[in-house]
Amino acid sequence: MVELNYQTGFGNQFETEAEPDVLPVGQNSPQQVKGGLYTEQLTGTAFTAPRASMQRSWLYRIRPSVKHFTNLEPVDSGLIRTGPDQDASPTTTQLRWDPFPSIASDTNWLTGLSTVATNGDSEMQAGGAVHHFVASQSMGDTAFVNTDGELMLVPYVGHLLIKTEMGHLEVNPGHIAVIPRGVKFSVDLSTDTARGYVCENYGANFSLPEHGLVGVDANALPRDFEYPVAAYDRDDRSTSLIAKISGQLFSTELEHSPFDVVAWHGNLAPYRYELRRFCALGPVVFDHPDPSIWTVLSSSSDTPGTANLDFILFREHWRVAEHTFRPPWFHSNVMSELMGLIEGIYDAKAQGFVPGGISIHNSFIPHGPDSEAFAAATEAELVPSKGPDSLAIMWESRYRWVPTTWAMGLSELQGDYPERWSELERQWD
Ligand SMILES: [Fe+2]
């Protein structure tokens, strides 16, 4: 395993160089950069965005990126879909799948990627998509760049080494990685296989959520977000570049590696985060609070407090609430939920929701604890207990999740899932 170094702090102004004294001092774009490097700016927000949300980095590289986006030819997009998905239909009930299958043998992260659901409209920079990947091979000399959305990778099996233009990230189950749109990367494996979820965010880049009365030090702590140090390919080597633009995949062959950034500075870069560092808050007296208290990262929309996408984590915690039904209650919410499981058992579902599975509960589709979980929680002795020993995740959106035709045709779709609530009989006497 490679021992990687990281820089820490969410959205900090970083500076890093793989060779000494390459970064210009006191300016971004000198007439000549040391060693003949090219200067290139990468922005993540409009030039005139509010200053507190501005994102941009300056890259100093062997060749400029303009040499990458030439001769792009459309290629088959496979099972990758982008919102709005014209083939998909709305759904009317609760949905849940067993672990998603491989879509072919001997796939890498990209060729093993299939879209589970989309929402919103990528061209309107609203909504997102959730994909699933199964990989048994490294991408090697294939690089990928997504211009449609920021990507959040959430593996639940295997170890990933993500090589990006701005440095390398090691990402294992229990970690997430976020790759800004426009940043080229490849995914290599240091295990025989890897599986995971991917959220593609068409909207505002993920950021730490507002904290209101919570104050500074809880939930995802800024210092726990890790950014790569500059690393580059010293030798020219041919590389296949796949680009996703407006939902279509394109391919081109480069005579050199696009991973040629020798130094960079700025606050826009890929990062990783270890989910068990999340300092969860919870009820210490009674009742079950809103799950928003477990928001790790949030993509805001134009309506304050109404997320384009929230990324929420349900992790092990102490349950101490008195005279309380401790699991999540029954609910019909305006926001639409898509859940996955990295490991363990989620405490609102007694069975049927396992790592690699997905559930979708869209806007105003009622859901909640299943019959068995309800029975257990209403009879449980309310002593302090710690649990569940699991990592469950949710992408919650103001837009309804629309499952792909492929996902709805899978035998892994649990046709009897709505019956999980069928034994909730009348108790009123
Ligand atoms: Fe829910």
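## Domains of the chain

Domain bounds, as used in this report, come from an automatic or database domain assignment. By that assignment, the protein chain is divided into domain 1, covering residues 69-260 together with 269-275, and domain 2, covering residues 278-413. The model described here is a predicted one. The centres of the two domains, domain 1 and domain 2, taken over C-alpha atoms, are separated by 23 Å.

Contact between the domains involves 49 residues of domain 1 and 48 residues of domain 2. On the side of domain 1 that touches domain 2, at least two residues each are supplied by β6 (95-97), β7 (113-121), β8 (126-135), β10 (150-157) and β15 (194-201). The largest share of this side comes from β7, with seven residues. By residue class, the side of domain 1 that touches domain 2 divides into 27 nonpolar, 16 polar and six charged residues.

## Overall form

The protein chain contains two helices and 26 strands. Its C-alpha atoms fill a box of roughly 85 × 45 × 40 Å, taken along the principal axes. A compact globule of 429 residues would have a radius of gyration near 22 Å, and the protein chain, with 22 Å, agrees with this expectation.

Of the 429 residues, 41% count as buried. Among the contacts in the protein chain with a separation of 6 or more, 79% are between residues 24 or more positions apart.

## Residue V22 in a loop

V22 is found in the loop between β2 (14-17) and β3 (38-43). V22 counts as partly exposed because it has 17 C-beta neighbours inside 10 Å, whereas a buried residue would need 20 or more and an exposed one 12 or fewer.

When residues up to four places away in sequence are left out, V22 touches E17, K34, G35, L37, Y60, V262 and A263. The C-alpha atom of V22 is separated by 36 Å from that of G158, which stands 136 residues away along the chain.

## Strand β11 and its partners

Strand β11 (residues 160-164) is largely enclosed by the rest of the structure, because four of its five residues are buried. β11 pairs with strand β12 (residues 167-171) in the antiparallel sense over five bridges. With two residues between them, β11 and β12 form a hairpin.

β11 also runs antiparallel to strand β14 (residues 185-189), to which five bridges join it. Residue I162 illustrates both pairings: its bridge partner in β12 is L169, and its bridge partner in β14 is V187.

Definitions and conventions. Residues are numbered from 1 along each chain as its sequence is written. This is a predicted model: local features need pLDDT of at least 70, side-chain atom pairs count only at pLDDT 80 or more; totals for chains, interfaces and linings use all residues. Two residues are in contact if their C-beta atoms, placed from the backbone, lie within 7 Å. Two strands pair if DSSP finds at least two bridges between them. The radius of gyration is taken over C-alpha atoms; the globule rule is 2.2 Å times the number of residues to the power 0.38. Ala, Val, Leu, Ile, Met, Phe, Trp, Tyr, Cys and Pro count as nonpolar, Asp, Glu, Lys and Arg as charged, and the others, Gly among them, as polar.
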